[in-house]
Amino acid sequence: GHIIKEITAEQLQNEMAKPTDITVDSPEKLPEIITKVLPDTQFSYIPNGISIKGEINLNALLGAIINAGIIIHNVNCHESNFEDYYLKTIGGYRNDTVD
């Protein structure tokens with residue numbers, strides 16, 4: 001075997017943080033709302049919205065989005081577990097579907 005990745009416990013925790021994806025009708029307005037409601041929150045852009053890693057006050061954020069007159073299309077809170085992270089890291093992640 002060989003070492004694929006070497007990280008600290010803190011880095012592992014950050015990498016395994018549960019992402020929350022929010023898609024809306026006006027994604028360009030989201031950064032301002034997030035910075036107001038959750039000032040220390042880091043996010044990235046996805047098509048038609050944003051993805052936020054880690055624990056957040058989702059009620060406060062969604063309330064602010066609605067109060068700004070933005071229509072929410074989808075909120076997806078992903079579950080994260082060590083097995084999925086491990087398989088993704090070693091390249092063994094498979095998305096098997098059963099018909």
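# Briefing on a predicted 99-residue chain

Among contacts (heavy atoms within 4.5 Å) in the chain between residues at least 6 apart in sequence, 68% join residues at least 24 apart. This is a predicted model, in which local features need pLDDT of at least 70 and side-chain atom pairs count only at pLDDT 80 or more, while totals for chains, interfaces and linings use all residues. Residues are numbered from 1 along each chain as its sequence is written, and side-chain values use heavy atoms, with hydrogens and water left out.

**Overall architecture**

- The chain holds 4 helices and 4 strands; helices (H or I, at least four residues) and strands (E, at least two) are DSSP runs, numbered from the N terminus.
- Read from the N terminus, the order of the elements is α-β-α-β-β-α-β-α.
- Of the 99 residues in the chain, 24% are buried; buried means under 20% relative accessible area, exposed over 50%, and partly exposed in between, with a 1.4 Å probe and protein chains only.

**Asp21 in strand β1**

- Asp21 belongs to strand β1, which spans residues 19–24.
- Although buried, Asp21 has no salt bridge; that term denotes a side-chain nitrogen of Lys or Arg within 4 Å of a carboxyl oxygen of Asp or Glu.
- The nearest side chain of opposite charge to Asp21 is Lys53, 10 Å away; Lys and Arg count as positive and Asp and Glu as negative, whereas His and the chain ends are not counted.
- The side chain of Asp21 makes a polar contact of 2.6 Å with that of Ser51. A polar contact is a pair of N or O atoms within 3.5 Å; within protein, one must be able to donate a hydrogen and the other to accept it, and residues adjacent in sequence count only if both atoms are side-chain atoms.
- Leaving aside residues up to four places away in sequence, Asp21 touches Ile46, Ile50, Ser51, Asn74, Val75, Asn76 and His78.

- Helix α3 covers residues 58–67, and its buried residues are Leu61, Leu62 and Ile65.
- These residues lie on the same side of α3 because they cover an arc of only 95° around the axis; the arc is that of the directions from the helix axis to the C-beta atoms.
- Asn59, Ile66 and Asn67 are exposed on the other side of α3.
- The packing partners of the buried α3 residues are β1, α2, β3 and β4 (72–77).
- Lys29 sits in the loop between β1 and α2 and counts as partly exposed because its relative accessibility is 42%.
- Gly69 follows α3 and has a positive phi, near 80°.

- The whole structure contains 1 salt bridge.
- Glu32 and Lys36 form a salt bridge, with their closest N and O atoms 3.7 Å apart.
- Glu32 and Lys36 are 4 residues apart in helix α2, so about one helical turn separates them.
- An α-helix has 3.6 residues a turn, so residues three or four places apart point the same way.
- Glu32 counts as exposed because its relative accessibility is 54%, and Lys36 is likewise exposed, with a relative accessible area of 66%.

**Aromatic pair**

- The structure has 1 aromatic pair, formed by Phe43 and Tyr45 in an edge-to-face arrangement, 5.7 Å centre to centre and 85° between the planes.
- Rings of Phe, Tyr and Trp (its six-membered ring) pair if their centres lie within 6.5 Å; planes under 30 degrees apart count as stacked, over 60 as edge-to-face and the rest as tilted.
- Phe43 counts as partly exposed at 27% relative accessibility, whereas Tyr45 counts as exposed at 58%.

**Loops on either side of β2**

- Thr41 lies in the loop between α2 (30–37) and β2 and is buried, with a relative accessible area of 18%.
- Thr41 touches Ile34, Ile52 and Ile56, not counting residues up to four places away in sequence.
- Pro47 is in the loop between β2 (43–46) and β3 (49–53) and is exposed, with a relative accessible area of 70%.
- The C-alpha atoms of Pro47 and Val24 are separated by 9.5 Å, the two residues being 23 residues apart along the chain.
- Asn48 is also found in the loop between β2 and β3, and its phi is near 65°, a positive value in a residue other than glycine.
- Most residues other than glycine have a negative phi.
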